[in-house]
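Visitor: I would like to go through this structure with you and ask, term by term, what each label rests on. Could we begin with the words used for accessibility?

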Amino acid sequence: MPTERLINALQSFGVRLSDARAGVASRRGGAGPSDHKAMTIAGRTVMVPVHTGTAFESPFLVRRPDPDGVCEIEHEGVVIGRATFPGKPRFYALSTFDGVPYSKIAVLHGRDVLATTVLQTCIRYQSRTKTCQFCAIGQSLAAGRTVARKTPEQLAEVARAAVLLDGVKHMVMTTGTPNATDRGAAILCESAFAVKAAVDLPIQAQCEPPDDDRWFARLKASGVDALGMHLEAVTPEVRDRIMPGKASVPLARYYDAFAAAVPVFGRGQVSTYILAGLGDVPEAILAVAERLVGMGVYPFVVPFVPISGTPLESHPAPTPEFMHAVLRPLAELLARAGLVSTDIKAGCGRCGACSALSSYERASA
């Protein structure tokens, strides 16, 4: 099975683990990727669901690592591949000057990405009529695995240690939405400024489109290298149903924000996260992707993963066939436009661990 198809299938079905202790501890709840575990397959580190209902019944089983750390991947008893697990990062053993474990400030995603949710609360999360139904941002906070607000000083301290001790190559800063004006841009500015003053680390910031386009220049001046403004769903009817609060920011505002942000950050350095499987058909996703690519925006399409404890915990994940129908033509579209994940300075698209898209890119190059 080609690598891109194998990763695609694993991310759709999830896997059962013979030894859940192998590699970095998996995460439950919180800002995504949640209920996943990092695995390295054919040189690519990817996030694969392990705690979802689909994963518990998956036809894929990952065996216990051998003495060299290599695991066999089985499909209904037949070995179809091998994988390894990234080790626990050394910075997890440390605590900040004010006594907070580093792992509560930022975590390792994929192989070499430091990720943090600067503000672990959202103005919409506690409202049944406004919350994004796939969101689990409050779960890790309620479980005591993180803190509600990471200070700029804490983020700078952890980022510097992650670079020095574990060779982290870039950083993702996301945030819950604190207000209906800057929508988190101000918090991200002060956070990025502090990190860049401590260590030379490329940063992607992620927030909803702020109400004023001048925030893009401010983010750039603060040290943000790449920007993510995430659509999640691409058609108004799906957005209204799945994320009624976030849908109050209309698609037109997203497109205006993309058009204003690309000249600031550069072509390919602005991206959007699209969750395939929420109800948008492949044709709709690809039509929006074509428009975005034409604007210089990288559409990072990932399979939806139902997270326990959310309103969509029983919603089915997209099938491998569905994802293949999106990712293969999307990779070809990106190749024709010269937008490739390896050119992104920082963030989810560059990491690529939550989707098989970058593997499809390589296959169509």
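Guide: A residue is called exposed when its relative accessible area is over 50%, buried when that area is under 20%, and partly exposed in between. Please keep in mind throughout that this is a predicted model.

Visitor: Why is F193 called exposed?

Guide: The relative accessibility of F193 is 55%, and because the cut-off is over 50%, F193 counts as exposed. This phenylalanine belongs to helix α5, which covers residues 185-198. F193 and K220 lie 27 residues apart in sequence, and their C-alpha atoms are 9.7 Å apart in space.

Visitor: What makes H230 buried?

Guide: Its relative accessible area is 11%, and since buried means under 20%, H230 falls in that class. H230 sits in the loop between β11 (226-228) and α7 (236-242).

Visitor: How do you know that the side chains of H230 and Q206 are joined by a polar contact?

Guide: The contact between the two side chains has a length of 3.4 Å, and the limit for such a pair of N or O atoms is within 3.5 Å, so the pair qualifies.

Visitor: What is noted about the phi of E232?

Guide: Phi of E232 is near 65°, a positive value in a residue other than glycine. E232 is in the loop between β11 and α7, and at 8% relative accessibility E232 counts as buried, because the limit is under 20%. R183, which is not a glycine, has a positive phi of about 55°; R183 is placed in the loop between β9 and α5, and with a relative accessible area of 12% R183 is buried.

Visitor: What makes β8 largely enclosed by the rest of the structure?

Guide: Five of the five residues of strand β8 (residues 113-117) are buried, so the strand is largely enclosed. In a regular strand the side chains alternate between the two faces of the sheet. Here V113, A115 and T117 on one side are buried, as are L114 and T116 on the other, and both faces of β8 are covered.

Visitor: How do you know that β7 and β8 pair, and in which sense?

Guide: Pairing needs at least two bridges, and three bridges join strand β7 (residues 107-109) to β8, so the two count as paired, in the antiparallel sense. L108 stands opposite L114 in β8. The two strands form a hairpin with three residues between them, and G110 in the turn has a positive phi of about 60°. Five bridges join β8 to strand β9 (residues 170-174), and these two run parallel; V113 stands opposite H170 in β9.

Visitor: Why are β1 and β6 called edge strands?

Guide: Four strands form an open sheet in the order β1-β4-β5-β6, with mixed pairing. The edge strands are β1 (16-17) and β6 (78-83), each of which pairs on one side only. Within this sheet β4 (residues 60-62) and β5 (residues 71-75) pair in the antiparallel sense over three bridges, and the bridge partner of L61 in β5 is E74.

Visitor: Which residues lie nearest the centre of the second largest pocket?

Guide: They are R44, R111, R350, C351 and R362, out of 14 lining residues. The volume of this pocket is about 290 Å³, and the lining of the second largest pocket divides into two nonpolar, seven polar and five charged residues. β3 (44-49), α11 (348-351) and α12 (357-364) each supply at least two residues of that lining.

Terms used:
Residues numbered from 1 in each chain as written. Predicted model: local features only at pLDDT ≥ 70, side-chain atom pairs only at ≥ 80, totals over all residues. Heavy atoms only, no water. 1 Å grid on protein atoms, 1.4 Å probe; cavity = no way out; pocket = protein on both sides within 12 Å on 5 of 7 lines; lining within 4 Å. Points joined across faces, edges and corners; volume = space filled by probe spheres on them. Nonpolar A, V, L, I, M, F, W, Y, C, P; charged D, E, K, R; others polar. Buried < 20%, exposed > 50% of the residue type's maximum accessible area, 1.4 Å probe, protein only. Polar contact = N/O pair within 3.5 Å; in protein donor to acceptor, adjacent residues only side chain to side chain.
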